[in-house]
Every structure is written in C-alpha cells, then in structure tokens.
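Hello,

Here is the structure I said I would pass on.

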Amino acid sequence: MPTSQMHLTMQIPGGTGIERGSWRWPGVQADGYINVDPVVRAVQAAEWGKFDAVFFADTPAIVDDPATGWPSWAPLEPVVLLTALARATERIGLVATSSTTFNHAYTVARQFRALDLISGGRVGWNAVTTGRPEAALNYGAEVPDRAERYAQAHEFITSVMALWGSWPEGALLDKENGRFADAERIGPVNVRGERMFSRGPLDLPPSPQGQPVVFQAGGGANGLELAGLYANGVYNGPFDIASGAAHWRAVRQAAQAYGRNPDHMTIFNGIITSVASTEREALQRRRELDELGDLESRVAYLGTQIGVSLDMEDLDKPVPEDRLRGARAHPGDPRAPLALRLAKEGWTVRDVIAHGPINYHPVAVGSPEQVADMLQQWFEAGMGNGFNITPDAIDGVEDFVDHVVPILQRRGLFRTEYGGTTLREHLGIPYQNGLPESHPALSGTKTSQRV
C-alpha cells in the first residue's frame, strides 16, 4: 500500500488534447490552440479536482504538420498563457517549459519570478535543453551537441536560482520608516561560468514559496544529474511499471548522491486517459478520435511494431493468421510487446490501435473504475508518487475530474482539499529562495550570491 497520497498534474497539448484529431472532436473548440478560454475552463476544472498543477510543454518551433493539427505542444506562448491562468485560478500550480539552450538566464529568472508573484507562489519552471534544429534556426543558431547542451543547462539553472536568491525574504516595503527595500541586503550575484555571466541582482523579491519549483523532463544520465542537483519535480514517460519503477529509483538515488532529500522529489509519470461509462464506450471514443487523425500512418506504424505488413484494408479485421505467425515485437520499441499481445488476442487492427500501443505514453482506457484501478496499481507498484494526466481530448479533463478523482478520493489515494496555497505546499516540499553556497552545483561556478 502507498505510504502517501498520489500527486497529479494535468497536461493539455495544443489546447485541444493529445490526439492529433482532437481539434475536430465534437464539443471541442477547434481554435483552442489560439483561444485561451477553453484552456482556462479546463484548468479551472482541474483546480476543482484539487490537482497539484497544470503543465504546458513547449518547443519554440513548428514541430508537427499544421495541415493536420496543432503545430506545437504549447497553446499560445507558455509565459503569456500562465499569466492569464494565474488570474483565472486561485490554488492550482502552473508549470511551463522554458529552454536553457536558446534563452538568457536573467530573462527566465525574471519572467518566472514575476509569474510566481502574480500567482501567489504557484509557479514551476520545467528546465529543459532544446535539441531540435527547427528551434535553433528560429534563433539563428546551431544545435549544440548533447554534452554542450547539458553543460550549458547546469550554468543556466545555477544562474537562474542564484538570481532568485539575490533578493532575500523580508527586504521589501517598510512603509512606516519610508524604506521601500533594504538595499543593503540586495546585491549582485556575479554568477560566472564558461558560457554565461549575470551580475544581478534580480529586480523582484521572493514569492510566498520563495522561488518557483524547478521541474526536469530529460532522460539518461545527463537528465538524472540535472534532476538530482536542482529539481523537485520530474516528468517521466514510462512504457510500463518496470521502467517507471527503475526511473523512480534512479531519480531518488541521484538526489541522495548530491546531498538532497529524495523525499522532496515528486515524479509525474505520463498517462493518457480515455474515460467513458464503459470500456466499450471508451474504446469507441478512441476509435472515433483515431478517424479524425492520420489513421493510415498509425496502421503502417503498428505493422512496423509487430514486424508485419499492414494497410487500411486490414483495419477492421484481426491481423491475418499467416502474418501473425511470423510477427515479432520490434526490439527498438518498448511499446511493441503490448501491440503484439493485443494482436495475438484477436483484436481488430483498429481496436489494437485504440488500446494505445502507438501512443508515446501508456493509455488508461475504460470506465472511471478501470482508469482508477490502473492508476492505483501503478502507484502502489512503487514507480513514483504522481501522474501527469493527459486527456485524449480537452473534454476529457472534466470526465477525469468528475468521475475518476472521486474514486481515488474514496480510496484514500488523493486529497479532498488543498492543504496550502503554494505549489511547494501541494508537493510537500520546503520554502526555498536561491542556492546555498554549499550547493554542489556552485563548486565550479564563481558567485557572490547572498542567500
């Protein structure tokens, strides 16, 4: 049994949902990519459901075919979007991605500190490197190699956190004595690395939570190092319980290796949800969403996953026996064993796809009880203490909040009320403002930061 309740964030790619055809789904506003109103309503619903936060990924470029759906994961620019959401909500956390590769540390520190103040201490920064050539070209640059991107990320995050700490708590507004700020306590940080320099100080004081919560979403040894050194929230994309549990253990070990408390780490495993009254209805919902997207390419991809030739003529029948006998799970695709198992169970090609083996994240499809059962099973299996819920279409936010959340609450797996007002309080982590001088990230960086 879990030793604590699970944490939940909500993600709404493109402002309409993760499925490419979601913008065409009945009841979904097709212009959700550029219209903030449906996103505001969805986030308000997630707040009513007591979610820890809503999360917006971002890549500063067109990364998908705009002829078939939203061209980028973020509806509107994330900092602008979070500003609107901060004024339309009261408790839910607000997390957005901002790149360490094509930005300046002072700009990011200032933007996210301002958002944190506007929201009353509810903001998180998902610090990621950017390796897409399309994004680099938008900035007139080239993509640095992986080692360089992560070396820069270390300096960038250290600079941002040092700047956040340049203005200490309690240094603002002594109205009685006519002192706006205590200038003697606000000073330069002079963070200097091999790739960047920032004098500081920042021009904004800390929020009620001190500084925004740092999130991390990269994989591999480099990503684990960033998470272990700086993050309190980690986004993960496991394909099964075993891979999720292994990553959770690695994250905790990374935090501990750098002298940080692993209990102050929250990992959010990505889960796509398709909720309906029954499993049959949920599968039908997914079939219809698939029809609105590029179903032909999905059929072809499924064939690649299981090593057989498939086309649209095979869509509404099981994989033929003669081809299934030679089917093999693709060794380079961790989702392929699920695809092969479903095919061998005799589902039609359309239904195999509807179950989700094509999707990047695992798909919880079924009745509210079935979706809650999957989340409980994964949670109790020790693969982390949270989930990043990504509905197939934006109307699925209310479906999850209205029907799945009450089940999790009755089972004692999720909060019934917020215990605080800041994102740090939601996550159960302490106040923080800047990096202490003893932090291992500062060992190779010159700084006169005042903490």
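This is a predicted model: local features need pLDDT of at least 70, side-chain atom pairs count only at pLDDT 80 or more; totals for chains, interfaces and linings use all residues.

Leu173 sits in strand E5, residues 172-174. Leu173 counts as exposed because its relative accessible area is 55%, and the cut-off for exposed is over 50%.

The largest nonpolar core holds 83 residues. Phe51, Trp125, Phe400 and Leu408 have the most contacts inside it. Helix H5 (residues 146-164) supplies the largest share of this core, nine residues. There is also a second, separate core of 18 residues, with Leu324, Ala327, Ile353 and Ile358 among them.

What does Phe400 touch, leaving aside its neighbours within four places in sequence? Its contacts are Leu8, Phe51, Thr273, Val371, Leu375, Ile389, Val405 and Leu408.

Two of those residues, Val371 and Leu375, are also listed among the buried residues of helix H13. H13 covers residues 368-380, 13 residues in all. From first C-alpha to last, H13 reaches 18 Å, close to the 18 Å expected at 1.5 Å a residue. Its buried residues pack against helices H7 (241-257) and H14 (396-410). They also pack against strands E11 (266-275), E12 (363-366) and E13 (386-391). After H13 comes Gly382, with a positive phi near 80 degrees.

Best wishes

Definitions and conventions
Residues are numbered from 1 along each chain as its sequence is written. Side-chain values use heavy atoms; hydrogens and water are left out. Helices (H or I, at least four residues) and strands (E, at least two) are DSSP runs, numbered from the N terminus. Buried means under 20% relative accessible area, exposed over 50%, partly exposed in between (1.4 Å probe, protein chains only). The expected span of a helix is 1.5 Å times one less than its number of residues. Contact means heavy atoms within 4.5 Å. A nonpolar core is a set of buried Ala, Val, Leu, Ile, Met, Phe, Trp, Tyr and Cys residues joined through side-chain atoms within 4.5 Å.
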